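Please keep the sequence and the structure in view while reading.

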Amino acid sequence: MSKARLLVVEDDPNLGDILEEYLQMKGYEPTLCRDGEEGWNKFKKDKYDLCLMDVMMPKKDGFTLAKEIKKVQEDLPILFLTAKNQKDDVIEGLKIGADDYITKPFSMEELLLRVNAILRRTQKSDEVATLKNYSFGDFVLHYDEQYLEGPKGRHKLTSKENELLRILAAELNKLVNRSHALKQIWGDDSYFNARSMDVYLSKIRKLLKDDPKVQIITVHGEGFKLIVSEG
């Protein structure tokens, strides 16, 4: 099995070197860039499985770089490295489509757990038997190909949108426990992961507006339901 290729964009020279050396030691193939512009140029030239990037960087900040990357490759997972006291950065990053974040200072062990979790979600194992298509209302979720087909055409999904919609579609008209969904997709049901899921649910709800019969309802204190009404 080939090594996962990681694009690491970090302007702190000490942290950048530590990240590169640690990820190499753990069996990954990292490419280290010192600013957002260099990160963009490397992204255009090569193929990567995951991007790790700082938010505050010279020449091109992390948010700008993430937006540019998502326009070209929407399903490429992104993990932001954020300052501990900048909660607004976390929310902004999630709105852009980031898969996860980690606040500085962080342990290399925690970073590795988050990297592994993202890659497990995005690099689907052939051993996992999953339905390829899920139909509900006027929509079809093409899970393997990671897009939603609806009345107004196709929409490419991020890995988290794809997984969350699959869980809801697999339990159509049934309650999906909030904590269960968080643990299955994010790994734990912490406050910030719950906020992250709310952002993704909001995005999915916008996609489903093309068919008024289909909606996601919230069951307060319990979870969510993807329902299809008659008519």
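Helices (H or I, at least four residues) and strands (E, at least two) are DSSP runs, numbered from the N terminus. The model is predicted, so that local features need pLDDT of at least 70 and side-chain atom pairs count only at pLDDT 80 or more, while totals for chains, interfaces and linings use all residues. Residues are numbered from 1 along each chain as its sequence is written, and side-chain values use heavy atoms, with hydrogens and water left out.

**The second largest pocket**

- On a 1 Å grid over the protein atoms alone, a pocket is an open set of points where a 1.4 Å probe fits, with protein on both sides within 12 Å along at least five of seven lines; lining residues have an atom within 4 Å of a point.
- The volume of the second largest pocket is about 230 Å³, where a volume is the space filled by probe spheres set on the points, and grid points are joined across faces, edges and corners.
- Its lining consists of 14 residues, and Leu113, Ala117, Arg120, Trp186 and Gly187 lie nearest the centre.
- Helix α5 gives the largest share of this lining, six residues; α5 (108-122) and α7 (178-185) each supply at least two.
- By class, the lining holds four nonpolar, three polar and seven charged residues. Here Ala, Val, Leu, Ile, Met, Phe, Trp, Tyr, Cys and Pro count as nonpolar, Asp, Glu, Lys and Arg as charged, and the others, Gly among them, as polar.

**Aromatic pairs**

- Rings of Phe, Tyr and Trp (its six-membered ring) pair if their centres lie within 6.5 Å; planes under 30 degrees apart count as stacked, over 60 as edge-to-face and the rest as tilted.
- By this rule there are six aromatic pairs. One of them is the stacked pair of Trp40 and Phe43, with 5.6 Å centre to centre and 25° between the planes.
- Trp40 and Phe43 are separated by about one helical turn because they are three residues apart in helix α2 (residues 36-45).
- Phe43 is buried, with a relative accessible area of 6% (buried means under 20% relative accessible area, exposed over 50%, partly exposed in between, with a 1.4 Å probe and protein chains only).
- Tyr101 and Phe192 form an edge-to-face pair, at 5.8 Å centre to centre and 75° between the planes.
- This pair links distant parts of the chain, with Tyr101 in strand β5 (residues 100-104) and Phe192 in helix α8 (residues 191-207), 91 residues apart.
- Tyr101 is buried at 11% relative accessible area, whereas Phe192 is partly exposed at 24%.
- Tyr101, Tyr191 and Phe192 form one aromatic cluster.

**Backbone features**

- Two strands pair if DSSP finds at least two bridges between them. Strands β11 (residues 214-219) and β12 (residues 223-228) pair in the antiparallel sense over six bridges.
- Val214 has Val228 in β12 as its bridge partner.
- Three residues lie between the strands of this hairpin, in which Gly221 takes a positive phi near 80°.
- Most residues other than glycine have a negative phi, and most peptide bonds are trans.
- The peptide bond from Lys104 to Pro105 is cis, with omega near -5°; Pro105 lies in the loop between β5 and α5.
- Gln146, although not a glycine, has a positive phi of about 60°. Gln146 is placed in the loop between β7 (139-142) and β8 (147-150) and counts as buried at 8% relative accessibility.
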